[in-house]
Amino acid sequence: MHKLQSRIPEGPLAEKWSNYKSNQNLVNPANKRKLDVIVIGTGLAGAAAAASMAEMGFKVKSFCYQDSSRRAHSIAAQGGINAAKNYQNDGDSIYRLFFDTIKGGDYRSREANVYRLAEVSNEIIDQCVGQGVPFAREYGGTLDNRSFGGALVSRTFYARGQTGQQLLLGAYQALSRQVKKGNVEMYPRMEMFNLVMVDGKARGIIARDVITGKLERYSAHAVVLASGGYGNVFFLSTMAMGANASAAWQCYKKGALFGNPCMVQIHPTCIPVHGEYQSKLTLMSESLRNDGRIWVPKKIEDAKRLQSGEIGGVDIPEEDRDYYLERRYPAFGNLVPRDVASRAAKERCDAGFGVNSTGLAVFLDFKDAINRLGKDVIEAKYGNLFQMYEKITDDVPYEVPMMIYPAIHYTMGGIWVDYELHTTVPGLFATGESNFSDHGANRLGASALMQGLADGYFVLPYTIQNYLADEINTPRFKTDIPEFDKAENEVQEQLEKLMNVRGTMSVDTLHKKLGKIMWEGVGMSRNKEGLKIAIDEITKLKKEFWLNVNIPGEINDLNQELQKASRLADFIELGDLMARDALNREESCGGHFRDEYQTEEGEALRNDKDFTYVAAWEFKGEDKEPALHKEPLNFEYIEVKQRNYK
Amino acid sequence: MNLNLKLKIWRQKDPNSRGKFVNYRLNDISTDSSFLEMLDVLNEELISKGEEPVIYDHDCREGICGACGLYINGRPHGPDSLITVCQLHMRKFKNGDTIVIEPWRARAFPVIRDLMVDRDAFDKLIQEGGYVSINTGSAPDANSIPVKKEHADLSMDAAACIGCGACVAACKNASAMLFVGAKVSHLTLLPQGKVEASDRVRHMVAKMDELGFGNCTNTGACEAECPKGITLTNIARLNREYYKAAL
């Protein structure tokens, strides 16, 4: 039985992190050279952690499934990164950033972690500027900021609409420097398939070479997960096609608890699905809601004519338009948080007011903004997004309203970690989106980049030393020991089992089925009955998968279908855990909305008395029910309130 | 409107095997689908017939990771401008079209299989100095060194490179000058990157030659095909920095 210890340092909130750093164990330079660390993933968290630890003197082995570490999906983040610099002199502070993040997360995150996040946010901006990240600047040469949802200050630093790309390239370049120096060994196109445990500690991994199909063994004194989120459980999401949960899932099966798996973020402004061959969804930045007005027709007849293609949005007169966000939330209007905007769109579409052929879209209209500010101003602000929209849909948003619909975008849940980012498996750490993180039940815009880099540059490289300090007498060891044999055999057996099914259904067909079950039962709004059905259907799908999946090609070869099938096998199991977690959490909070728990106006209704905890799930064996552990959340510095955006 | 298409796709087992074009027919493709979704449909058909799917790199499918890159009807990333293959949509094609699909062809980018190539050479170039040597935790306050907005903007223009390799594929000499020029420009335009400017440019150019990339003859094909609009000015800046470093 695991006892969840969050290991939050003593002392007042603002002193906890400094106290921790003053008292933790460190590793001296001569010993660092003798210690190896494996890092899985090269996104913001992984690349930053690998580079920083290598700079300190540790020997790092860095793995990614892509052909280059520069391609991790952090690169796709558009909007920006938050920091409490208060450069705009608008009253920002570490406390205010901390407060907004806790409130935005609907009071389901750990105070001490979030405070530390806000504290190191400023160092991140310094570091990135030092690396040559070309942030937007004012004419005087100082850094520019913009504002984002859920905040009253301008604290978001940005590099056009490509902030994630620029921050990732900064981390990638820092990593490249260490590769050149010989402190990091890069393993691109290598996918982690198993965690190797020796004497109860994480001591290595089994990875599969994507090109040759060969299984390889790697040993280390600690393993760091930085493998990202699991949004692709839903098949359609804004994630990269290859983004997967398999590394995290193997760790779960080796004893790492999984925290809040049901906490998934649905982004309100994505380009709607066009047809059954759709492979992924494209996000339109949240910033569009600053000037765009969201609406559907008031009359159901108009909606029907839109759906049949008889008329377009411009044909509907002003008085027949329902600006439902402005109607429901007069104070925040079109700028309500992501979870609120997403649910409101779904509510209108479910009622039959959707505006495209599938009935699953609402309008985002720039007509008023263009009339007010002129086309030039709108083009300067959103030109690249409008161009992207036009390339995908063939519609020109300057002339006709955009169509948008919510899509899966980020996963707040993940591997459970303590204050040191240490999982329940000794020697295994989890960072960035792969851990259950600091975002509680809902993440605010521009906070993902902040958390990934905080973990990677400024938290993990310190906290991991507290563990490694006790490992300095453990010599580097060979991988020809029974523990590695066993772990490799497990993978080999699983892959052979997959290849031997020789069924008739393609991996994508089965993945789409899973996505449909998840979206309908465990998506934007959930209820007891629907979740039970989903669990039932996932069980059936698991059987169907293992009876009927068809994987062409060879096992020891470049085989993208085998790669996908192996990831899907894990997604199916994770889908089941997500549904169980959602069923257990009998309240609505942030991204998790249960139909049974809402206010009269249809807003999320938390149950603080019974559910102010992190749900951490323990694997109990194949096809056995997982065990629930609860980490109570204590709010000492913040008053827990109902979120109100009216 | 749906399309019926003829596809001529390069198939090659591994770097040492001889490749060849294989013809496929594909019917009823929606003009709203993306080019890669069209290839997904083809692969589903191949899998259902027990054949091996066509291998190609792709990941984000929103034009930013730089993983995808196909030579389509003689143009890197296909017939549209300022986009990657994953952003190309089938409405750019007509019913009955024949579409020829090849991998990037360059000595420094060997074919791994079918349409997948090895672009490790780009990582090696960055490792030669495409960074600022600053350790975590040692940076001064972000606003302590003002940067002219104009320089920050030009730097960002260059930093937008996604490392897809279209510039090399488009160039008759398979030169990486635009790629290296973009990185040298990005960093040299900023005060933080100036300190190491001369070592950086010398090392990166030497490595470029060593890795088998060709020289620049100012044809401008790279600029014409770059999905991110990186301009030849960056090659000019690279040359200037190189001469400066040699003096």
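Biologist: Which strands does helix 3 of chain A lie across?

Modeller: Helices (H or I, at least four residues) and strands (E, at least two) are DSSP runs, numbered from the N terminus, and two residues are in contact if their C-beta atoms, placed from the backbone, lie within 7 Å. Here helix 3 (residues 44–56) of chain A lies across strand 1, strand 2 (59–63), strand 5 and strand 9 of chain A. With axes as lines fitted to C-alpha atoms, for helices over the stretch in contact, and angles running from 0 to 180 degrees between N-to-C directions, helix 3 runs at about 165 degrees to strand 1 of chain A. This is a predicted model, in which local features need pLDDT of at least 70 and side-chain atom pairs count only at pLDDT 80 or more, while totals for chains, interfaces and linings use all residues. Residues are numbered from 1 along each chain as its sequence is written, and chains are lettered from A and ligands numbered from 1 in the order in which they are written.

Biologist: In what order do the strands of the open sheet in chain A stand?

Modeller: Strands of a sheet pair through backbone hydrogen bonds, either parallel or antiparallel. Two strands count as paired if DSSP finds at least two bridges between them. In chain A, the five strands of an open sheet follow the order 5-2-1-9-17, with parallel pairing. Strand 5 (184–187) and strand 17 (428–430) of chain A are at the edges and have a single partner strand each, so one side of each lacks a neighbour in the sheet. From one strand to the next, the twist averages 20 degrees. Within chain A, strand 1 (residues 36–40) and strand 9 (residues 222–225) run parallel and are joined by four bridges, and A:Val37 has A:Ala222 of strand 9 as its bridge partner.

Biologist: Which strands does strand 1 of chain B join, and in which directions do they run?

Modeller: Strand 1 (residues 2–11) of chain B runs antiparallel to strand 2 (residues 20–30) of chain B, with nine bridges joining them, and B:Trp10 stands opposite B:Phe21 in strand 2. Strand 1 of chain B is also joined by four bridges to strand 5 (residues 98–102) of chain B, and these two run parallel; in that pair, B:Leu7 has B:Ile99 as its bridge partner.

Biologist: How do helix 6 of chain A and helix 2 of chain B cross?

Modeller: Angles under 35 degrees count as roughly parallel, over 145 as roughly antiparallel, 65 to 115 as roughly perpendicular and the rest as oblique. The axes of helix 6 (residues 163–181) of chain A and helix 2 (residues 120–127) of chain B cross at roughly 85 degrees and come within 8 Å. The two helices are therefore roughly perpendicular to each other. Helix 6 of chain A makes this contact through A:Gln173, A:Ser176, A:Val179 and A:Lys180, and helix 2 of chain B through B:Asp123, B:Ile126 and B:Gln127.

Biologist: How many residues does each chain bring to the contact between the chains?

Modeller: Chain A brings 61 residues and chain B brings 63 residues. On the side of chain A that touches chain B, helix 6 of chain A gives the most, with nine residues.

Biologist: Where do the domains of chain B lie?

Modeller: Domain bounds come from an automatic or database domain assignment. Chain B is divided into domain 1 (2–102) and domain 2 (119–246), whose centres, taken over C-alpha atoms, are separated by 30 Å. Their contact takes 12 residues from domain 1 and 10 residues from domain 2 of chain B.
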